[in-house]
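Take a moment with the structure shown here. Then read on, one chain at a time.

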Amino acid sequence: MKRYFETYDHGPLRFFDEVFSKEGTPRPHYGKLLQRFRQFSQEDINARREIINIDFRNQGITFTVYGVDEGIERIFPFDLIPRILPAKEWEILEKGLLQRITALNEFLFDIYHTQKILKDRVVPAELILGSRHFAREFVGVNPPLGVYIHVTGSDIIRDGEGNYLVLEDNLRTPSGVSYMLQNRQALKRAFPAIFGKYKVRPIENYPQELLRTLQEIAPPGRFDPNVVLLTPGIYNSAYFEHSFLARQMGIELTEGKDLVVNNNKVYKRTTRGLERVDVIYRRVDDSFIDPLVFRPDSRLGVAGLINAYRKGNVALANAIGTGVADDKVIYSFVPKIIRYYLGEDPILQNVPTWLASNPADLKYILENLGSLVVKAANESGGYGMLVGPESTLAEQEKFAEMIVANPRNYIAQPTISLSRHPSFINDSELYGCHIDLRPYVLYGKNVTIVPGGLTRVALKRGSLVVNSSQGGGSKDTWVIDE
Amino acid sequence: MLSRVAESLFWMSRYYERAENTARFLDVNFNLLLDLNRITPVENPNYWIALILVTSQKESFDELYPEYNARTVTDYLVFSRENPNSITSCVSLARENARSIIESISSEMWEQINHLYHFLQGTAQQAVHNDPSGFYREIKNASHLFQGITDNTFSRNEGWDFIQIGKYLERADNVARLIDVKYHMLLHETQGKKKISGESDDIIQWMAVLKSCSALEAFRKVYLSKLDPENILRFLILDRTFPRSINFSICAAEDALWRISGSSRHRYVNNADRLIGKMESELGYASIDEIMSEGLHDYLEDLEEQLVRIGEQVHLTYFAYHTPEIEPNGIEEALPFTGVGGGRAIWSQAQQQQQ
C-alpha cells in the first residue's frame, strides 16, 4: 500500500517548503504529524474528509461565487493537513504586526488631522489626496480612542529563504476569520489524536475579543452599549461569516433597512419600536454605507449614518476612510511610515514593489510584464491582476494599455514566492500547494492578535492565487508551544 | 427583536408548513386513487385538478402543462420553480428566510432546513414516481423533525411566537382549502344536489381528507365509527384539541399574538389581536349545522379571507414598523408577504468585493 509522503515532490527549490527542508528532511515541528499521516490509508483520509464535508454543508459553511448562475453556494474547500507555526516564529510575526498596525493607525490619524507626514514629504500628498479611498469628510473627526483600524487581516507570505513578508494590509473589512474558527473545529473533529499531541494555542476566544473591542469604542456615556453587525445581506459572498460572527458574539445581525437615523442618532427597527444603536461592526464598504454621502444608488447602507458618526453618536468599526492606507501604492511606503512614526526599523519586510506612477518604475514594469505580477491598486479578491509567467501575450498587451492609461492605479511585484505546503489535491494526491497566512489583529484599548490566523492555500497545481473566489481553500493553522 | 428577523421567522415557519401540507395532499391523493381505481381509472384528470385547485393556481398550471395527470401535477407541485408554492420552492424560501436570520435560530434548526433542501436538490423526479409514499413521508418527517428541534432548541421568546403564528395561520388556511376543494368535488359528483352524500365511495374520499391531516385516528377516538361528513367537518373545523384542526390552529395563533402584545380576552391592543380574537370567538361558538345552512363554501371562503387580513395586520403591526415621523429615507419597504426572496437588491449586495 502507498504511504502518504513517500513520494512527495518538494518542487523547485526557489520556493520555501513549510514541511521539508531543502535537503528533504522534515522540519522538527512537523515530525509527529508526519508520523501519524504515514499510518493513514486513503480510506482513513476519505472517511475523515466525508465527515467534515457533511458538517460544512449542513452548517452552510459556504461562500458565494459571483457570475456563476447555478449552485452559487460552494463549500469553502478545507485541506486536511494543518499548517504549523512554532512559537518562536510566531513571536516575530506578532511583534511585526503590532508594529505595523500601530504605525498604520498613527498614519491614518495623522492624514485625517494635521497631515504632518505629507508636509514632511515622506509620503507624496497627491497619493493620499487623490486616492478614491481618502474620505475628505473625516478630516478633523476623532474616532473613539483614536483608533481607525479595529479589525485588520494582513496577508503574510514567505520568500524562498522562509522570511515572512507582508503582501497586503487589509484595513477595510477583511474577511475569512470565520473559516479560521471553523477549520479549527473541523480539524479537532477529524484528527483529535494528532491535535492532542501538540500544544496548540487556542483561538476560540476570537469572537469574545472582537466583541470586547467593539464595546470599548462605544460613544462615551453609553452604558452597556448596543452593538450590531451590519451586513450587505444574504447574497453577499461573506454572508456566512457575518451571521456566524453575530451569532458567536450574541449580537444582532442587521441589514441597512433595519437601521434608521433620526436626529443624528442610529436606531434599529424592532417589533417594539426603535432602539438606539451604539456601535456598528460594519461589513459594508465605505462607498455603500450611506447613500446620502457616498453612492446614492446603494441600498445596502443607512441614510444619515455618516452624520451620526461624525457627531460621535455611533461608532463604526472599522472607521471610514481606512482604505487610503491599504491601497497597494501606499503599501510601498509602509516601511517609511513605520520609521517616521515609531523611529524603528520594520520587523516584517515588504515585497519589493514598483509603482507605475513613477516613470522609471513604469518603464521597468512594461519591459518585464512577463515576469512580474501586476495588480490594480484598488481591487481585492484576486480580481484585476496579471500573473506574468502564466499570462498570454495578448493579456500582457491589454494590461500594458491599461497601465499606461492609468498609471496611478497599478503596481507590480516580482512573481511572489509563496511558500509551499503539502496539501491534498484531487482528494487523494499530496502536492506542495502555495499558501499564505492571514492573521487577524484587533485594536481597541489594546492590540490583540489571535495566535495563527487563516492559512489560505491555492488548491490547483502550481497556482499562486489563494483567493476563495479563484479556487483557493484553507487550512487550520497551529501556533505551537514546544 | 428586529422587525426583519421577526418577519423572516414568520415566513420560514410558514413556508415549511406549506411544504408539509402539499406533501400531505399529494400523498393522500395518491392513496385515494388506488382505492377508487375500480370506479374511475387513475388517469381521471378530475382527481389531479383538485390538487391544483387547492393551491388556487389553475391558471399558472395551465400555462405550463397541457394536461392533468400524475406526472404533470406532481412535477408542478413538487419540483416546479415556476410554482412559488411547490415543495421545492417552499423549502428554498424557508431556507432563504432562515439563512437571512441564521444567527437568530439554533444551528440545529438551520442544519435541518439545510438537510431537507439538499435532499430535495438531490431527488430525481423519477424517484418520486417510483416511491411516492416514501418521498412524501420524508418531507413530512423532515417537517416534524424541524418542529421538534425548534421546540427543543429555540427560546420561548417573541421569536418563538412569530414562528407559531406563521405555522398556525398557514395550517388553518391549508385545512380550509383542502375541505373546500373536496366539498366542491363531492357536490359536483352528486350532480348538483345541495346535500353532501354519505355514500361509501364519498366516505372514502372524506377519510382521505382526514388522513391528509393525520386526523383519522384522532377522529375515530372521538366519534368512534360515525364516519359521516358532518362529523368529519365538525372535527376538522371546530375541534379544540386536535392540533391540525382550524379551531385549534386559530387558538394557538391567538395565544402567540397575545403573548407578544400582552393582549387578553377582554382587551386588545392592535388590529391583528382584534381580528384573531374575533375569529377565535366565532369558531368557539359556531355549530356545524349553522355552517352548513349558511353554506360551507361561503363559510370557508370567508374564513380564508379573514386569515389573509390577519396576516396583513401582523405585517403592518410588527414587520413594517416605523414611527410616522421617521420615514426610512430612500429605503424601499420589503414586499409584503414574501419574507426573503422577492426582488431584493441581489446585484448590489453581491458587487461589493471581499478583502
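This is a predicted model: local features need pLDDT of at least 70, side-chain atom pairs count only at pLDDT 80 or more; totals for chains, interfaces and linings use all residues.

Residues are numbered from 1 along each chain as its sequence is written, while chains are lettered from A and ligands numbered from 1 in the order in which they are written.

Start with chain A. It has 15 helices and 25 strands. Helices (H or I, at least four residues) and strands (E, at least two) are DSSP runs, numbered from the N terminus. The C-alpha trace of chain A spans about 70 × 60 × 45 Å along its principal axes. A compact globule of 482 residues would have a radius of gyration near 23 Å, and chain A agrees, with 23 Å. That radius is taken over C-alpha atoms, and the globule rule is 2.2 Å times the number of residues to the power 0.38.

How many of the 482 residues of chain A count as buried? The share is 49%. A residue is buried if 20 or more other C-beta atoms lie within 10 Å of its own, exposed if 12 or fewer, and partly exposed in between, with C-beta atoms placed from the backbone. Now look at contacts, meaning two residues whose C-beta atoms, placed from the backbone, lie within 7 Å. Among contacts in chain A between residues at least 6 apart in sequence, 68% join residues at least 24 apart.

Next, find a hairpin. Strands β10(A) and β11(A) form it, with two residues between them. In the turn, Asn263(A) has a positive phi of about 55°. Strand β10 (residues 259-262) and strand β11 (residues 265-270) of chain A run antiparallel and are joined by four bridges. Strands pair if DSSP finds at least two bridges between them. Val261(A) stands opposite Val266(A) in β11(A).

Domain bounds come from an automatic or database domain assignment.

The C-alpha centres of the two domains of chain A, domain 1 and domain 2, lie 30 Å apart. Their contact takes five residues from domain 1 of chain A and six residues from domain 2 of chain A.

Turn to chain B. What does its secondary structure come to? Chain B has 17 helices and zero strands. Of its 355 residues, 45% count as buried. Chain B is divided into domain 1 (1-154) and domain 2 (157-321). The C-alpha centres of these domains of chain B lie 20 Å apart. Their contact takes 26 residues from domain 1 of chain B and 24 residues from domain 2 of chain B. On the domain 1 side, α1 (3-36) and α2 (45-54) of chain B each give two or more residues. The largest share of that side, 18 residues, comes from α1(B).
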